Amino acid sequence: MKRNIFKKVYDWLDERYDLTPLIEFGKHKKVPVHEHTIWYYMGGVTLFLFLIQAFTGILLSMYYQPGPDSSYESLRFLLTKVRFGWLIRSIHSWSANLMIFFAFVHMFSTFFTRAYKKPRELTWVSGFILLSLALAFGFSGYLLPWNELAFFATKVGTEIVGAVPIVGPIIMKVLRGGSDVTGATIYRFYAIHITLLPAIFMLVLALHLVFVQKHGMSEPEHLANLPESKKKYIPFFPNFLLRDLILWLIVFDILVFLAVYYPWELGLKADPFAPAPAGIRPEWYFMFMFQTLKLLPGHVLFIEGEVLGILLFMVGGLAWMLVPFWALKERPGRRIQPMEFIGVAVLVYIGVMTILGYVL
Amino acid sequence: MKIGYLGILMSLFLGVGPLMAQSQDDDKTTNLQRLVEVDQCVACHIDEEALPEGLHENDIHLRVGLSCAGCHGGDPTSDDMDIAMDPARGYVGIPDKREVPRFCGKCHSDINFMRQFRPQVETDQEEQYYTSRHGKLLLKGDTKVAVCTDCHTSHAVFPASDPRSSVYPTNVPITCKKCHSDPDYMASYKIPTDQFEKYAESVHGQALLKKKDVGAPACNDCHGNHGALPPGVTSIGQVCGNCHINNLQYFQKTKMAEEFKKMDLHDCIECHGYHSVPPTNDDMVGVGEQSTCIDCHDEGDEGYKAAVQIRQLLLDLTTAIDSAKVLKKRVQIIGMDDLDIEYLLKDAHQQLIHARTVVHTFDPKQVEEKTKTGLERAKEAIQLALEEIKEYHRRRKGFLFATLFTTLLIIGLFIKLRQIESEQKSES
């Protein structure tokens, strides 16, 4: 009886929307098995964390009231008076950080396995845009509790944006909603955080997923050249999906552990007239850029050190986004390929600068 | 059409901008410019570059339409110096210093005249002035003393509420200092000249001059304005009591107040000083180095014992409040509920303020009434903060239960996966 109803509903939908090819696609979708298969899961974990972000974000927005006199207070109410409000907020903050971490892991694994190569150029570009949007999510969300650290970090962050030649001062003013970080900045960041960014993110994410489905999983070159009979595959459904689910649950457990054992603190309310407290620093994922700007001399030749740094990051970011279009050719016989060298150099640079940022 | 819009925009930026600046400039010069056309005194004195020193074009008299002749007399309509400055036409020129109070009083003591400008204006300044030390000495022919123009200036007079005024609260000490801090000028009066120095370092001076808190007392708030006199021996307490009402009332009911009178001691200033009043602190009570009690009391006497007791009561309460504050901050940072702790702390602090006021009864029992309630509130706050911190850690135990469910689910899924894969193997 029950099966009959499902079949009827399916037939009704299939007749109108031609679902059978999609189901067939899912049934025959395969995932290659090799020594780098583990990296296939990173994108899924990032997606899972994004879903957690969306869900907890919606819950938070039911209590959060943006404004210089209400941001901190409403969050304090949520943390202290709403049942499990503290947990939802803590999960939202931890999940944001883990999402960006896994997005980085996903990006570098794609880079080192050269999965960005033809025909997946746009998958890489859309992935890079998603990472940039995730960073924008992090930056805009950081201010919303309106606590001391958030206020001054946003002040410094927007000042850096303001140092971009020509358009910088205008962008800074638009971001801040005036010449300084005030209540107007909270309203803007809130609007950007919960409407503009999610809308763009969902669109790019949809494209990214369509691209991934279209081309399937990228196989390492040595495997791609083997005859089909020597390749190993597992069905996407249910084998890969179940593995995905298990990993998601493990990540969820870790996430809840972090949220409970190291709950995200609320801090002290921002006071725009108070001097900046010691130890103002951005979130860890911005640290390498922040530290580089700090280490650059005041002037390099005729150009300001900070401006030069920002320009270099802009050029570097653009070059990284366009990697599939300029990637250096592999040189047979070489132990370390040129692109591997570039990737390692970038990783070492980010790692060293981040550590220096916390140590110095 | 597009050019039309562009034109409007351009005119907004290029046209209205300078126009607005122009109108502001107009405002700045109106008072004198307007007078030049109708007042020959102003016209000639500008031509001759002989305007009075320090003349401010927003001087209150100029602003209400009084020009030179309004005070100095004469005929401002004539450009003939002899006619304009004819004594027969009321010209008085620069008044002799001895005449200044009466010169200003012509208008300022006339209620019917002054009411035109401000319905509730005071007109007793001249009368009060002649009761002051300044006024009395002036009557005796001493022209070194301050007259109206010394404090208010001659041609840059502003209402006392205007920060540009020489008698605006934050400017009063500097105005008085001009004479009172000059040892040569004050030598013949044989009074100290370090008042400003002491005052500037005092709690009142710091509040007024540094923090710009115009609620803090300047010289005139204790010594009076126009009737400036040193506070008399019997009135010092009353002067302080204008602001510190409760402290004075508690003090006046004590045995010590009577003793002070008998011993010719001066109420508040015996412990707090006068021009150099330092910020008070709890160490002023007790028997420590900063104590003022031991200036008179010796070990073993009743007052000495009371001082020790009161100091201990205050110390107990401040220590408890400080501990509660530290815990409250921790609770706030970790995002736990600190609202009730804050209310309790406010209450405890209120009790501390009461206790510090009641110190002026010099009665440990009365002080204890306040500190006891304060201590109870502070202890409640500490207890509540500790509970919140405990709850923060208790949450971790909840994680173990939550994780049990997800771990079981992970194990279940893993078993299912193995089962599916072994079935797939056997099939192939």
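Two residues are in contact if their C-beta atoms, placed from the backbone, lie within 7 Å. By this criterion, the contact takes 23 residues from chain A and 21 residues from chain B. The model is predicted, and local features need pLDDT of at least 70, side-chain atom pairs count only at pLDDT 80 or more, and totals for chains, interfaces and linings use all residues. Residues are numbered from 1 along each chain as its sequence is written, while chains are lettered from A and ligands numbered from 1 in the order in which they are written.

On the side of chain A that touches chain B, helix 4 and helix 11 of chain A each supply at least two residues; helices here are DSSP runs (H or I, at least four residues), as are strands (E, at least two), numbered from the N terminus. Helix 11 of chain A gives the largest share of that side, 14 residues. Sorted by class, the side of chain A that touches chain B has 16 nonpolar, three polar and four charged residues, where Ala, Val, Leu, Ile, Met, Phe, Trp, Tyr, Cys and Pro count as nonpolar, Asp, Glu, Lys and Arg as charged, and the others, Gly among them, as polar.

Helix 11 of chain A also packs against helix 5 of chain A, at an angle of about 125 degrees and with the axes 9 Å apart. Axes are lines fitted to C-alpha atoms, for helices over the stretch in contact, and angles run from 0 to 180 degrees between N-to-C directions. The two helices are therefore oblique to each other (angles under 35 degrees count as roughly parallel, over 145 as roughly antiparallel, 65 to 115 as roughly perpendicular and the rest as oblique). In this pair, A:Leu87, A:Ser90, A:Ile91, A:Trp94, A:Ser95 and A:Leu98 of helix 5 meet A:Leu255, A:Val256, A:Leu258 and A:Ala259 of helix 11. These residues divide into eight nonpolar, two polar and no charged.

The largest nonpolar core has 64 residues, of which A:Val45, A:Leu49, A:Ile91, A:Met99, A:Trp146 and A:Ala150 touch the most other members. Such a core is a set of buried Ala, Val, Leu, Ile, Met, Phe, Trp, Tyr and Cys residues joined through C-beta atoms within 7 Å; a residue is buried if 20 or more other C-beta atoms lie within 10 Å of its own. Helix 5 of chain A gives the most to this core, with 13 residues. Apart from it lies another core, of 28 residues, among them B:Ala307, B:Ile310, B:Leu314 and B:Ala324.

Chain B has 22 helices and zero strands, and buried residues make up 23% of its 428 residues.

Conventions
A residue is buried if 20 or more other C-beta atoms lie within 10 Å of its own, exposed if 12 or fewer, and partly exposed in between; C-beta atoms are placed from the backbone.
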